[in-house]
Amino acid sequence: MAGKIEAICISEKKGTEKKPIQETKIIEDFGLEHDAHAGKWHRQVSLLPYEEREDFKRRGGDVEDGAFGENLLISGIDFNELVVGSHVHIGEVDLEITQRGKSCHAHCRIYHQVGECIMPRLGIFARVIHGGVIHCDDEVTYTPPTDSRMRVAILTLSDKGSQGLRVDESGPSIKEYMEKRGYHVTSLDILPDNQKMIEQALINLSDRCENDLILTTGGTGLSQRDVTPEATLKVATRLVPGISEAIRYESMKYTNRAMLSRGVSVIRNNTLIINLPGSVKAVKESLDIIIDPLHHGLEILKGDAHDCARNDD
């Protein structure tokens, strides 16, 4: 089924309503030209169903195009079919769906006016795979996911890294390591050592981005600011202690300081979350320890494998 662009909206500053324009350039791996939410992350373009926006107006909401912070208002498409990994096509533009819905950290003007904001519940976010120029009234189509690789999100926790005071080397190192072994790295983000922010990121990356695996790096030591384990345990639905125990045990062969790591491993619903150390060297050593059984564990979690027992034949 083909849909149509009803509105294109951008804003030059975050936290403000977007304003409609007639056409724009969508830049590969970035987003809409001159839009504040564009950048090197997994939520480069936001989409909202036009029919839901119109229904909101009929229920008394005084909203115009861009009021919910959406980049594209799309009509004629069932957004329930736009699962994570699907591709939206507008002419030569190719958008990969990376997240469904979002957390609302602070209630916006629309929420206070009507008591509801539909973007957290109905919005969809995408990364730009191929760019181009789009116009209002352009046709919109979509295709289902075709990438069957395990989906991995990487999250670096560092106050200095998040402020640009330190170059993050561990996150890119994990990305290279996992991609060489056939995993699909969906995002690479940096956050400060703030427990609430980490918790929210883990929830988004698991529940809304539907990653199979989240690898964190940093924030697992004894410093008062090291709160990665606490945030990870807070969002957990089940524990997987053996992974972190194995990392600590084997890492003791390299340095006895490994006993000071407080990293944990947990499951949140259908996503495995593993805390890794902060240094590049320790990250590689840790991944080398767990990489062989990791894929099998993820297959079991996804329901693609059922036998954990050792075969002694």
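Which residue in β17 does I267 stand opposite? The points below take up this and related matters.

1. Basis of the note. The model is predicted, so that local features need pLDDT of at least 70 and side-chain atom pairs count only at pLDDT 80 or more, while totals for chains, interfaces and linings use all residues. Residues are numbered from 1 along each chain as its sequence is written, and side-chain values use heavy atoms, with hydrogens and water left out.

2. Strands β16 and β17. I267 stands opposite L272 in β17. Strand β16 covers residues 265-268 and strand β17 residues 271-276; helices (H or I, at least four residues) and strands (E, at least two) are DSSP runs, numbered from the N terminus. β16 and β17 pair in the antiparallel sense over four bridges, where pairing requires that DSSP finds at least two bridges between two strands. Their hairpin has two residues between the strands, and N269 takes a positive phi near 55° there.

3. The other partner and the faces of β16. Strand β15 (residues 238-239) is joined to β16 by two bridges, and the two run antiparallel. L239 has V266 as its bridge partner in β16. From β16, S265 and I267 point one way, V266 and R268 the other way, and all are buried; buried means under 20% relative accessible area, exposed over 50%, and partly exposed in between (1.4 Å probe, protein chains only).

4. Strand β5. This strand, residues 45-49, is mostly covered, with five of its five residues buried. V45, L47 and P49 lie on one side, S46 and L48 on the other, and both faces are covered. β5 pairs with strand β9 (residues 124-130) in the antiparallel sense over three bridges, and A126 in β9 is the bridge partner of V45. With strand β6 (residues 72-75), β5 pairs in the parallel sense, again over three bridges; here I74 of β6 is the bridge partner of P49.

5. An open sheet. Three strands, in the order β4-β3-β10, form an open sheet with antiparallel pairing. β4 (31-32) and β10 (132-135) are the edge strands, each pairing on one side only. Strand β3 (residues 23-27) pairs with β4 in the antiparallel sense over two bridges, and L32 in β4 is the bridge partner of I26.

6. Helices α5 and α9. The axes of α5 (residues 170-180) and α9 (residues 280-302) come within 10 Å and cross at roughly 30°. That makes α5 roughly parallel to α9. Axes are lines fitted to C-alpha atoms, for helices over the stretch in contact, and angles run from 0 to 180 degrees between N-to-C directions. Angles under 35 degrees count as roughly parallel, over 145 as roughly antiparallel, 65 to 115 as roughly perpendicular and the rest as oblique.

7. Residues of the helix contact. In α5, S170, S173, I174, Y177 and M178 meet V280, V283, K284, L287, D288, I291 and L294 of α9, contact meaning heavy atoms within 4.5 Å. These residues divide into eight nonpolar, two polar and two charged. Ala, Val, Leu, Ile, Met, Phe, Trp, Tyr, Cys and Pro count as nonpolar, Asp, Glu, Lys and Arg as charged, and the others, Gly among them, as polar.

8. Residue K284. K284 lies in helix α9 and is partly exposed, with a relative accessible area of 44%. K284 and E176 are 108 residues apart in sequence and 11 Å apart in space, C-alpha to C-alpha.
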